[in-house]
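Here is a friendly walk through one model, strand by strand and helix by helix. Keep the viewer open while you read.

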Amino acid sequence: MSSDSALPLIENPIIVGFGGACVDFVAAVPSFPKPDTKIRTTQLKVQGGGNTGNAMTCAARLGLKPRIISKVAKDAQGRALLEELEADGVDTSFFVVSKEGTSPFSYVIVDSQTKTRTCIFTEGYPPMVPEDLPRANLLSALEGARVVYFDVRLPESALVIAQEAFRQNISILVDAERPREGLNDLLPLADYVICSEKFPQAWTETSSIPRALVSIILRLPRLKFVIATLGEDGCIMLEKCVDEGSHLEEMDVDTSLKSLTRRKNDSIAMPTCIASSVTKFRAEGIGSVCGRLYFCTAEKIPPSELIDTTGAGDAFVGAVLYAICANLSPEKMLPFASYVAAASCRALGARSGLPYRTHPYLASFLN
């Protein structure tokens, strides 16, 4: 395959991820079991998991050079976890390896009928604490980094790392999957936030996702953008722009999103992005934000090809990290990330379907 069909290599490809890296025991079953019954798997896979482990693996396959700061035990699962990450090009030299204890792991039950997954997570022991990461190691891990990613696990250590990244003016991306301990300490340091569908309204107590995104931008003045992922319904992004003055049209943000979604073409299977002009978006009772609103569709995956949604959000994050490092516009970044997320859904487990930079269709999203 010619190099023209591969994603371009990034001049500064170093990123750092801090948070969850574990082993996933992924069991596909015909349907989710009822209580007090027995059921057989149709397929079983044991592979690496965890939000940070998955997102950094995705980024590595796309051509970045991720480093992970996390903790495992010196057991069989811990060794397998590190070996798998290293095989994908992830730098694991900043892992803390405990001589005793157990590495974190998850049981993932994939319902082949409803195409849903249920995760049962067991934390590693002993947990990581700030004392596990000497300052010299932290500075070495952050050296040359373009972006630092947090999944809001291990909050005490996360805050120490985030504060140092902030002091060094390294961009910070926070994955706000749901309200967690320590999240409110990390968010004010963030340059970028990617949310699950339910998080924005849960965190802001607003009546709609667009209104919640306005509220998040107003509460977190450092933010360049916030994205809410919506699964098969795509994603919404609000990008903050410099206020160009009173001549800008002011529009209700809910009305603006409805206007964008009406422009989507349901006959197109691939992800497409629809963007507003620079506008002052108003959320009644909350305030207004000068910015651009984006709506991106998800790829329409044929039912026969949809295998497992485990880690789709992590794949999306990994692709966004690549897009930030590649300075992609939102109009290119969102379809690209949506396509990578869809690719991950075509195989069992969080990592089996993650594409490599030589995938024949990835580069087409950058043109």
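A residue is called buried when its relative accessible area is under 20%, exposed when it is over 50%, and partly exposed in between, using a 1.4 Å probe and protein chains only. Helices (H or I, at least four residues) and strands (E, at least two) are DSSP runs, numbered from the N terminus. The model is a predicted one, so local features need pLDDT of at least 70 and side-chain atom pairs count only at pLDDT 80 or more, while totals for chains, interfaces and linings use all residues. Residues are numbered from 1 along each chain as its sequence is written, and side-chain values use heavy atoms, with hydrogens and water left out.

**A covered strand**

Let us start with strand S1, residues 14–18, where five of five residues are buried. Ile14, Val16 and Phe18 point one way from S1, while Ile15 and Gly17 point the other way. Which strands pair with S1? Strands count as paired if DSSP finds at least two bridges between them. With S4 (residues 65–69), S1 pairs in the parallel sense over five bridges, and isoleucine 15 has proline 66 of S4 as its bridge partner. S1 also runs parallel to S9 (residues 147–150), joined by four bridges; here phenylalanine 18 stands opposite phenylalanine 150.

**Two helix pairs**

Two packed helices are described by the angle between their axes and the distance between the axes. The axes are lines fitted to C-alpha atoms, for helices over the stretch in contact, and angles run from 0 to 180 degrees between N-to-C directions.

H3 (135–142) and H4 (155–167) pack at about 55°, with their axes 11 Å apart. That makes H3 oblique to H4, given that angles under 35 degrees count as roughly parallel, over 145 as roughly antiparallel, 65 to 115 as roughly perpendicular and the rest as oblique. Contact means heavy atoms within 4.5 Å. Arg135, Leu138, Leu139 and Leu142 of H3 meet Val160, Ile161, Glu164, Ala165 and Arg167 of H4. By class, these residues divide into six nonpolar, no polar and three charged. In this scheme Ala, Val, Leu, Ile, Met, Phe, Trp, Tyr, Cys and Pro count as nonpolar, Asp, Glu, Lys and Arg as charged, and the others, Gly among them, as polar.

The axes of H7 (residues 209–219) and H8 (residues 253–261) come within 8 Å and cross at roughly 125°, and these two helices are therefore oblique to each other. Pro210, Arg211 and Val214 of H7 make the contact with Val253, Asp254 and Leu257 of H8. That contact has four nonpolar, no polar and two charged residues.

**Backbone details in the loops**

Most residues other than glycine have a negative phi, and most peptide bonds are trans.

Where does proline 126 lie? Proline 126 is in the loop between S8 (116–122) and H3, and the peptide bond from tyrosine 125 to proline 126 is cis, with omega near -5°.

One more loop, between S15 (273–275) and S16 (279–283), holds serine 277. Leaving aside neighbours within four places in sequence, serine 277 is in contact with Gly291 and Arg292. From serine 277 to leucine 293 the C-alpha to C-alpha separation is 7.8 Å, across 16 residues in sequence.
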